[in-house]
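I open this notebook to record what I looked up, beginning with the sheet and then turning to the DNA.

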Protein chains: 2
Amino acid sequence: MNNIFKALADPNRRKILKLLREKDMFVGDILENLNITGASLSHHLQILKNADLVLSEKKGQYVEYSLNTTVFQDVLKWIYDITDKDDPKGGKDE
Amino acid sequence: MNNIFKALADPNRRKILKLLREKDMFVGDILENLNITGASLSHHLQILKNADLVLSEKKGQYVEYSLNTTVFQDVLKWIYDITDKDDPKGGKDE
DNA sequence: AAGGTATTTAGATAAATATCTAATTATCAA
DNA sequence: TTGATAATTAGATATTTATCTAAATACCTT
């Protein structure tokens with residue numbers, strides 16, 4: 001969970017996720033939306049991948065990134081655990 | 001939203017939230033669960049308060065902290081926005 | 001093969017953050 | 001009022017993190 005929350009704690013990374021929500025995108029296309037260098041973007045994408053929030057697939061010269069929505073289920077569950085006062089008492093955090 | 005995600009991006013702070021899920025607590029009681037100094041804890045509580053994730057009430061010599069579950073609704077909404085591909089297209093992030 | 005484009009990696013740096021000790025403030029109890 | 005306890009604030013430090021430029025890698029096109 002720590003990787004996930006850390007990954008979500010940056011505005012640029014959240015913006016990337018929002019972009020990918022609409023459609024799968026190549027790195028270059030994402031880059032045009034983000035006022036940072038390609039190197040910085042690569043760094044952010046690495047962090048998102050590490051948290052399993054995005055998937056990447058090499059397509060020839062390009063790399064296409066997509067949202068991995070399954071992981072968000074874990075986050076939702078974590079929040080529900082916090083929110084629901086009377087219940088199974090949430091599992092471990094990390 | 002940035003304050004919230006930043007606040008959630010630390011294990012100790014998430015642990016505090018889990019503790020408060022069970023019951024309202026005084027700072028000292030929280031402290032016993034956390035292998036950090038009181039000063040550090042104060043710092044974390046400040047960040048959580050700033051994100052509106054917790055509320056505090058002075059009770060004599062003590063300060064009692066409690067979970068403010070309403071804010072989690074915003075996080076849930078944010079995640080739903082990300083998750084639901086076809087829909088109003090989420091509002092601004094910050 | 002040679003040159004061009006897309007992306008990542010390396011290395012450096014500045015800013016943010018988590019933590020600590022020591023000092024301060026506020027309240028309680030004799 | 002004095003001494004003890006609870007919590008926060010101040011100031012310092014080490015780690016993490018976001019960012020950059022430059023270099024490397026991978027693939028495409030001619």
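Before reading the sheet I note that two strands count as paired if DSSP finds at least two bridges between them. I also keep in mind that this is a predicted model.

Entry on the sheet. I looked up the strand order in chain A and found an open sheet of 3 strands, β1-β3-β2, with antiparallel pairing. At its edges I find β1 (25-26) and β2 (54-59) of chain A, each with a single partner strand, so one side of each has no neighbour in the sheet. I then followed β1(A) to strand β3 (residues 62-67) of chain A, and the two run antiparallel, joined by 2 bridges. For Phe26(A), I noted that the bridge partner in β3(A) is Glu64(A). Helix α4 (residues 38-50) of chain A packs on this sheet, where I see it touching β2 and β3 of chain A, and its direction makes about 120° with that of β2(A).

Entry on the DNA. Which atoms of the protein did I find beside phosphate oxygens of DNA strand C? A polar backbone atom of Val27(A) is 3.2 Å from one phosphate oxygen, a backbone N or O atom of Val63(A) lies 3.5 Å from a phosphate oxygen, and for an N or O atom in the side chain of Tyr65(A) I read 2.8 Å. Two or more residues each come to the surface near the strand from α3 (27-31), α4 and β3 of chain A, and from α2 (11-22) and α4 (38-50) of chain B. I noted that α4(B) gives the largest share, 5 residues. Sorting that surface by class, I recorded 9 nonpolar, 11 polar and 4 charged residues.

Technical notes
Residues numbered from 1 in each chain as written. Chains lettered and ligands numbered in written order. Predicted model: local features only at pLDDT ≥ 70, side-chain atom pairs only at ≥ 80, totals over all residues. Heavy atoms only, no water. Helix = DSSP H or I, 4+ residues; strand = E, 2+ residues; numbered from the N terminus. Contact = heavy atoms within 4.5 Å. Axes fitted to C-alpha atoms, helices over the stretch in contact; angles between N-to-C directions. Polar contact = N/O pair within 3.5 Å; in protein donor to acceptor, adjacent residues only side chain to side chain. Nonpolar A, V, L, I, M, F, W, Y, C, P; charged D, E, K, R; others polar.
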